[in-house]
Amino acid sequence: MFSPVSVGPLHLDHRIVMGSMHLNREDDPRALAAFYRERAAGGAGLIITGGAAVSRAGAGGPNYLLINEPAAAAVMAPVLDAVHDAGGKLALQLFHAGRYAFEASFGIRPVAPSEVYSAFSQCLPRALTQAQIEDTLADFAAGAAAARALGFDAVEIMGSEGYLINQFASPLTNRRRDRWGGDPQHRQAFPRAVLKAVREAVGTGYPVIYRTSGADFTAGSSTRAESADLAVALARDGADAVNVGIGWHESRVPSVQALVPPGRWLDIAGGIRGALAAAEVQVPVIGSNRINSLESAERALAAGHADLISMARPFLADPDIVAKSRRGESHLVNTCIACNEACIDRSLGTEPVSCLVNPRAGRETVFPLRAVPPPAGVRVAVVGAGPAGMQAAATLAEAGHPVDLYEREGAIGGQFRLAGQVPGKAGFLQTIRYFTNELARLGVHVLTGAAPGVAHLARYAHVVLATGVRPRPVPLPGSGLLPVLDYRQAFADPARLGARVVIVGAGGIAVDLSRLLVDPGAPGGARDVTILRRGSRIGAGIGPSTRWAVLQEIRAAGVRTMPGTTPLELSRHGLRVRDGDGAAALLPADAVVLAAGQVPHNPLHAPLAVRGVPCTVIGGALDASGLNAVRAFDQGLSAGTAVARQLTGRTPVQPGVKSSRTPLP
């Protein structure tokens, strides 16, 4: 991993690449420069930018960088300076969305090889004419020339993930019968012509990376052998490296979600690498997708799957992932959990991209790191060690305040500890591991099994209340006829539930619980599970890039989903319900679990306010409506920063407070 490698004339001192991510921040050069600078300083040797559209028709949204327009230079010049000043190298990704573009972005109907409807962008694209194809090739060439002139260290051609070049390579979307389609060889013509145009524009001494698809995961698209043949052709034509992507937006095979095991698809890159070796073509292969630690990257390289490893979202979660790992501090890496909620889901719209477990990502100018360690401040208490409380405590400690973090339960993590039990979501426990180690590094004193009273908290300069939520009660007539548990009780002891379970509520928690209960490895074995809700949408609140995948998974495992269903009453044999047509039915059950929302748990704010104790309420304790972890971590960062700034320069209310040993009333 830390051995040198060359991509054409570009020499790198290690084999970890920061992969391309569209950030929806391309209108803010200062923010973009700060984002990339921090990652270059953190050890990212080669960084590939988010897609830079070669034309307005090719933009993936209204916030894409348009490399062939004059404004691009003003945006990217400070970014280049920032990365180079930090010792990094920056490659520009040349991008055209094809039929995955949105007409609403610029009022331009999307274009494609053929008129094949796109379920992703919900449009019927216009088939490119011969003249328009030539214009598009010229656009790629102009973009590459602009990148070199601006000072980029390389370019990457985006030919994967179902975008325009990939559409030309696929029989599913290329139904042409001219020189650009008709058989596998003719479908290679446009991808190869793009490379030729780019190479002619930048010359032979400039690095050109080609991101090509190793597997489309879409019925009727290119075979693996056809994808490998294209990769070989591109390498022979002069690509300095082949970056292997997988999957399309329309694919029903999960590729980037948390339920995909880390490193799951590296064998596809290995197949491309093997095809290149068999053809006696020697260019490095870059493997990607669901690699979230340098340990897994090292294993992939050692196994021969790739020559370099591309990691994108892990650099959102921790800009210092390379530097920490090089120092032997992997335990301090904030690991990407592949939730997609603040990154991929936002990138598909217009909201600026960030990271659930690192809400600073993309907002480095709003929440700058201190250049020198701050002086010791006044002592602050944080009550509740779920996502909001953990983040607030870390933020306050970084600002120089001694922090005591109280947690009623026996361990920190809050509802992340529940999520970590769900098959495919063990990565959520990595966030708890990170905060456990990071809070210790920052000197935060963590007291578990502790519920401080008002008199004790009144001795602090400020109290942050992150006491979370409780399951919303749902009154069901017939109490006592059947075991009824809330979702916390069900997660804590699944063995109590029996063989048949009905879950009232069908949001993210209910869906996660159903995934746990149908797993053969769950305590008590797999169960017969039904989830129901009054509304029409199962899994409401789950991000769009994840919801379809988890619903597909639970339905394949036999979970029955019943939208438009109202619970009526309990019986000794199950739960009586009324369906959307008004018909009554009995759902057989050995237990009923309530997962129909949450309510704030905030017993301390009012009495603290009466005593005049300065306090701030965050997370679910403030508002349980629409609660999610993105909001919780964000409020922890924002509140921690605001409180720290407010307390700057203040005299401690009671300098002698030593909560680590103070008896609790």
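Asp318 is buried, with a relative accessible area of 3%. In this predicted model, the partner of Asp318 is Lys324, and their side chains meet in a salt bridge with an N to O distance of 2.7 Å. Lys324 is likewise buried, its relative accessible area being 11%. Because the threshold for a buried residue is under 20% relative accessible area, Asp318 falls within the class at 3%, and Lys324 does so at 11%.

A second salt bridge joins Asp634 to Arg363, with 2.4 Å between the closest N and O atoms. Asp634 belongs to helix H22 (residues 629–647), whereas Arg363 sits in the loop between helix H13 (344–347) and strand E14 (380–383), so the bridge ties together parts that are 271 residues apart in sequence. Asp634 counts as partly exposed, at 24% relative accessibility, and Arg363 counts as partly exposed at 21%.

The structure holds 25 salt bridges. One of them pairs Arg187 with Glu226, whose closest N and O atoms are 3.8 Å apart. This pair links distant parts of the chain, since Arg187 lies in helix H6 (residues 184–187) and Glu226 in helix H8 (residues 224–237), 39 residues apart. Arg187 is buried, with a relative accessible area of 9%, while Glu226 counts as partly exposed at 24% relative accessibility.

Helix H8, which carries Glu226, also packs against helix H9 (residues 266–278). The two helices meet at an angle of about 55 degrees, with their axes 9 Å apart, and are therefore oblique to each other. Their crossing is right-handed. On the H8 side the contact is made by Arg224, Ser227, Ala228, Ala231, Val232 and Ala235, which meet Ile268, Ile272, Ala275 and Leu276 of H9. The residues of this contact comprise eight nonpolar, one polar and one charged.

Another helix pair is formed by H4 (residues 130–150) and H7 (residues 189–202), which pack at an angle of about 40 degrees with their axes 8 Å apart. H4 and H7 are therefore also oblique to each other, and H4 passes H7 in a right-handed crossing. From H4, the residues involved are Ile133, Thr136, Leu137, Phe140, Ala141, Ala144, Ala145 and Arg148; they meet Phe190, Ala193, Val194, Ala197, Val198, Ala201 and Val202 in H7. The contact of H4 with H7 divides into 13 nonpolar residues, one polar and one charged. The spacing along such a helix can be read with a general rule in mind: an α-helix has 3.6 residues a turn, so residues three or four places apart point the same way.

The buried residues are Ala510, Val511, Asp512, Leu513, Ser514, Arg515, Leu516 and Leu517. Their surroundings consist of helices and strands: the buried residues of H19 pack against helix H18 (487–492), strand E20 (500–504), strand E21 (528–532), helix H20 (544–556) and strand E26 (591–594). Asp512 and Arg515, both among the buried residues of H19, also take part in a network of salt bridges that links them with Lys425 and Glu553.

Methods: Residues numbered from 1 in each chain as written. Predicted model: local features only at pLDDT ≥ 70, side-chain atom pairs only at ≥ 80, totals over all residues. Heavy atoms only, no water. Axes fitted to C-alpha atoms, helices over the stretch in contact; angles between N-to-C directions. Helix = DSSP H or I, 4+ residues; strand = E, 2+ residues; numbered from the N terminus. Parallel < 35°, antiparallel > 145°, perpendicular 65-115°, else oblique. Left-handed = near helix turned anticlockwise from the far one by under 90°. Contact = heavy atoms within 4.5 Å. Nonpolar A, V, L, I, M, F, W, Y, C, P; charged D, E, K, R; others polar. Salt bridge = Lys/Arg side-chain N within 4 Å of Asp/Glu carboxyl O. Buried < 20%, exposed > 50% of the residue type's maximum accessible area, 1.4 Å probe, protein only.
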